[in-house]
Amino acid sequence: MEYCSQQYFLGVEMDRFEIIKNIGQEIITEEELRRLLEEKKHPVAYDGFEPSGIAHLPVGVYRPLLLKDLITAGVKVKLLLADSFAWINNKFGGDLEKIRDAGRYFIEVWKAAGVDMKKVKVIWHKDFFDDPEYWKKVILIAKNHSLTRTKRSLAIAGREADDSQPTAFVFYPSMQCADIFHIKADICQLGMDQRKVNMLAREISGKKGMKEQLDYVDCGVDGRPVIVSHRMLMGLKGPVKGKGFDENSGIDVEISSKMSKSLPETAIFVHDSKEEITKKINSAFCPMKVVEGNPILEYCKEIIFRSSHELEVKRPPKFGGDVTFYSYAELEKAFVSGDLHPQDLKIAVAERLNELIEPIRDHFEKNTKAQELYETVASYEITR
RNA sequence: CCCGGCGUAGCUCAACCUGGUAGAGCGGUGGACUGUAGAUCCACUGGUUGCUGGUUCAAAUCCGGCCGCCGGGACCA
């Protein structure tokens, strides 16, 4: 079976707007996105990524699907490998070379996941360090918002912004905003956990005279970036209580519950064997008939039906026999009614996730160079 | 450079004062119960006590040195 990007939904061809809308859990604003697509045939979207750890479901499988959707919608994708941010964040003990190895490894993951890397522009953030224009923008942004505001948007890095943190973190939001203008991104396509920084960027470039000074006049809509924030995939254990990332308790729970590379028991990795995937999915939180906060249903919606138009659930005759769902809505309805039992769904989901992961896993097992890269990064993880 | 606080299980901490080779919660693993998971019970799993020297029959504990983190001060302005 071949999995393609979701260009069709219920058999109806989706237009560019709908494809992008389907990526975003939150879009600021839909109206501006519509305008942007009317004004530009190939707007630029960017996603920033701090290289660290080993690729898991959200980064190794979900992101490639979103990238493919963006490409399908005619969007020019710039992938910012935020090596310097990882450095600030002390990933791999703050060893920039190790961080860059991780970056190279992730590129390999995305290739293996079927992203046409020729259509994606990879940018290494550290290269900005040599450009005075970049720093000018950073300072300009810093001049235009308060320290309080910086701290408030710092929760993005997944840490509480208390005053005992290194001063380096203060640069983080201003730099991240500057990135948007510096690479002239029309769309910020990042996760919900990054929304505050993106909102800050909108606010700042919207100030009088700023889009000119930031050299962002013809970008975004009226010189302000459009924000398309994708959902944060939940960890296998389901929702956890909010840790204070956002005032909105729903968003707070979503960010707090995200599948984390540093919690292997709650995450599926692209190198996991079929047996491991089956075992992990089977032990996942999955309350019967409940959709809210149910990771398995979420994976169905965000991954399975984004990469395919159907899901076959095999089950013994005494439980109703085999059944195939042709849309997420259909599957959700059956699950809520109780017609679809969690156990049966889990088996089908594990099977499908394995099919999606298989080519990635295989690539790293068969390609010597890729394998070396993976082993190198994995060894950094252990000695970290 | 000086003063103070801290450093114990994967995490948060207790035991230090009044030496007797470490406990709890959370987590993890396994069972019971559910046609999944969770919840709930039951069991299991957990540590070179930052490093080092000393005192002592005996050091997480007392003393010295070092390292690291945090805070304050001094110097400089």
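## A salt bridge between the domains

Arg-306 and Asp-69 form a salt bridge in which the closest N and O atoms are 3.1 Å apart, the term being used for a side-chain nitrogen of Lys or Arg within 4 Å of a carboxyl oxygen of Asp or Glu. This is a predicted model, in which local features need pLDDT of at least 70 and side-chain atom pairs count only at pLDDT 80 or more, while totals for chains, interfaces and linings use all residues. Residues are numbered from 1 along each chain as its sequence is written, chains are lettered from A and ligands numbered from 1 in the order in which they are written, and side-chain values use heavy atoms, with hydrogens and water left out.

Chain A is divided into domain 1 (8–229) and domain 2 (261–383), with bounds that come from an automatic or database domain assignment. The centres of the two domains, taken over C-alpha atoms, are separated by 27 Å, and the contact (heavy atoms within 4.5 Å) takes 29 residues from domain 1 and 27 residues from domain 2.

The size of an interface is often given as the accessible area lost when the parts come together. Domain 1 and domain 2 bury about 2,500 Å² between them, with 73% of it on carbon and sulfur atoms; buried area here is the accessible area (1.4 Å probe) that two parts lose on being put together, summed over both. In domain 1, Ile-54, Leu-57 and Glu-108 lose the most area to domain 2, and together they make up 25% of what that side buries.

Between domain 1 and domain 2 the count is 1 salt bridge, and across their interface there are 9 residue pairs in polar contact, both residues being at pLDDT 80 or more. A polar contact is a pair of N or O atoms within 3.5 Å; within protein, one must be able to donate a hydrogen and the other to accept it, and residues adjacent in sequence count only if both atoms are side-chain atoms. On the side of domain 1 that touches domain 2, the elements that give two or more residues are helix H1 (16–23), helix H3 (57–72) and helix H5 (96–112), and H5 gives the most, with 9 residues. Helices (H or I, at least four residues) and strands (E, at least two) are DSSP runs, numbered from the N terminus.

## Around RNA strand B

There are 17 residues around RNA strand B, of which Ala-284, Cys-286, Gln-343, Asp-344 and Lys-346 come nearest; a residue is near the strand if one of its heavy atoms lies within 4 Å of it. Helix H15 (residues 342–366) gives the most to this surface, with 4 residues.

Of the atoms of RNA strand B within 4 Å of the protein, 51% belong to sugar or phosphate and the rest to bases.

## Other local features

The whole structure holds 24 salt bridges, among them one in which the side chains of Glu-26 and Arg-195 meet at 2.9 Å, N to O. Glu-26 lies in strand S3 (residues 26–28) and Arg-195 in helix H9 (residues 195–205), so this pair ties together parts that are 169 residues apart in sequence.

Ile-28 and Thr-29 are joined by a cis peptide bond, with omega about -15 degrees, and Thr-29 lies in the loop between S3 and helix H2 (30–39). Asn-90, although not a glycine, has a positive phi of about 60 degrees.
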